[in-house]
Amino acid sequence: MRAIEDAEREIGVPPSVRTSFQGAALAFRASLSSTLLLILAAIVAMYIVLGVLYESYIHPVTILSTLPSAGVGALLALLLFREDLGIVGIIGIILLIGIVKKNAIMMIDFALDAERIEGKSPREAITQACLLRFRPILMTTLSALFAGLPLMLGGGVGSELRHPLGLTMVGGLIVSQLLTLFTTPVVYLFFDSFKKQKQTR
């Protein structure tokens with residue numbers, strides 16, 4: 001589409017001639033214009049659901065803090081393999097939103113139970129959550145990652161359509177797995193200290 005518009009400018013089409021895209025190209029342009037709104041709507045919907053689930057304004061933010069690392073990993077994978085961020089890549093990123101946030105949910109859920117039921121301090125609770133939830137987090141991440149490998153490496157008919165989906169899944173999962181195991185406890189403790197400071201005031 002960009003090449004067509006550049007050629008149109010080079011030719012010098014007179015103002016009296018009006019051009020427009022139709023069919024698949026028009027649908028593609030319309031979908032790109034609403035992509036950012038779609039991702040934002042998904043994040044807002046998750047925040048509302050998590051807020052109702054945990055009865056808190058803060059813990060959903062802790063869980064959603066895992067999403068940027070997944071997005072960065074997905075985009076880096078696309079850049080590394082010189083793939084465009086098209087519709088399929090965006091679908092992969094939206095899919096990642098659901099897969100990645102379960103890492104933080106596993107840790108936060110366990111830490112909150114340890115605080116409320118066992119009476120542990122936030123630092124002790126999140127430390128225990130990281131230790132005991134490491135194996136299930138690793139297992140679910142690896143199962144999703146191995147499911148994305150055939151999409152990323154496979155050939156045959158339609159493989160060019162599946163490659164961006166596999167790349168976003170694998171790249172996002174690798175980077176988020178490496179980072180969220182360290183960042184989620186930090187964010188959890190930061191918001192806990194912020195909440196205590198607010199209560200003392």
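User: Is Ala70 buried or exposed in this model?
Analyst: Keep in mind that this is a predicted model, where local features need pLDDT of at least 70, side-chain atom pairs count only at pLDDT 80 or more, and totals for chains, interfaces and linings use all residues. Ala70 sits in helix H5; helices (H or I, at least four residues) are DSSP runs, numbered from the N terminus. Buried means under 20% relative accessible area, exposed over 50%, and partly exposed in between, using a 1.4 Å probe and protein chains only. Ala70 has a relative accessible area of 3%, so the word for Ala70 is buried.

User: Which residues does Ala70 touch, leaving out those up to four places away in sequence?
Analyst: Contact here means heavy atoms within 4.5 Å. Residues are numbered from 1 along each chain as its sequence is written, and side-chain values use heavy atoms, with hydrogens and water left out. With that in hand, the residues touching Ala70 are Leu96, Val100, Gly172 and Ser176.

User: What separates the C-alpha atoms of Ala70 and Gly171?
Analyst: Along the chain, these two are 101 residues apart.

User: Where is Thr66, and what is its relative accessible area?
Analyst: Look in the loop between helix H4 (59-64) and helix H5 (67-80) for Thr66. Not counting residues up to four places away in sequence, Thr66 touches Val100, Lys101, Ala104, Thr180 and Thr184. Thr66 is buried, and its relative accessible area is 0%.

User: Which residue has its backbone oxygen 2.8 Å from a polar atom of the Thr66 side chain?
Analyst: Start at the side chain of Thr66 and look for a backbone oxygen 2.8 Å from one of its polar atoms. That oxygen belongs to Ile63.

User: How many salt bridges does the structure hold?
Analyst: Side chains of opposite charge can pair when their charged atoms come close. A salt bridge is a side-chain nitrogen of Lys or Arg within 4 Å of a carboxyl oxygen of Asp or Glu. Lys120 forms one with Glu118, with the closest N and O atoms 3.4 Å apart, and Asp6 forms one with Arg9. The count for the structure is two.

User: How far apart are the closest N and O atoms of Asp6 and Arg9?
Analyst: Both residues lie in helix H1 (residues 2-11), three residues apart, which is about one turn of the helix. Asp6 is partly exposed at 31%, while Arg9 counts as exposed at 58% relative accessibility. Their closest N and O atoms are apart by 2.3 Å.

User: How many of the 10 residues in H1 are buried?
Analyst: H1 is hardly covered. H1 is followed by Gly12, whose phi is positive, near 80°. The count of buried residues in H1 is zero.

User: Are H3 and H6 roughly parallel or antiparallel?
Analyst: Axes are lines fitted to C-alpha atoms, for helices over the stretch in contact, and angles run from 0 to 180 degrees between N-to-C directions. The axes of H3 (residues 35-54) and H6 (residues 87-116) come within 12 Å and cross at roughly 20°. Angles under 35 degrees count as roughly parallel, over 145 as roughly antiparallel, 65 to 115 as roughly perpendicular and the rest as oblique. H3 and H6 are therefore roughly parallel.

User: What about H6 and H7: roughly parallel or antiparallel?
Analyst: H6 packs against helix H7 (residues 122-153) at an angle of about 150°, with their axes 8 Å apart. That pair is therefore roughly antiparallel.

Conventions: Helices (H or I, at least four residues) and strands (E, at least two) are DSSP runs, numbered from the N terminus. A polar contact is a pair of N or O atoms within 3.5 Å; within protein, one must be able to donate a hydrogen and the other to accept it, and residues adjacent in sequence count only if both atoms are side-chain atoms.
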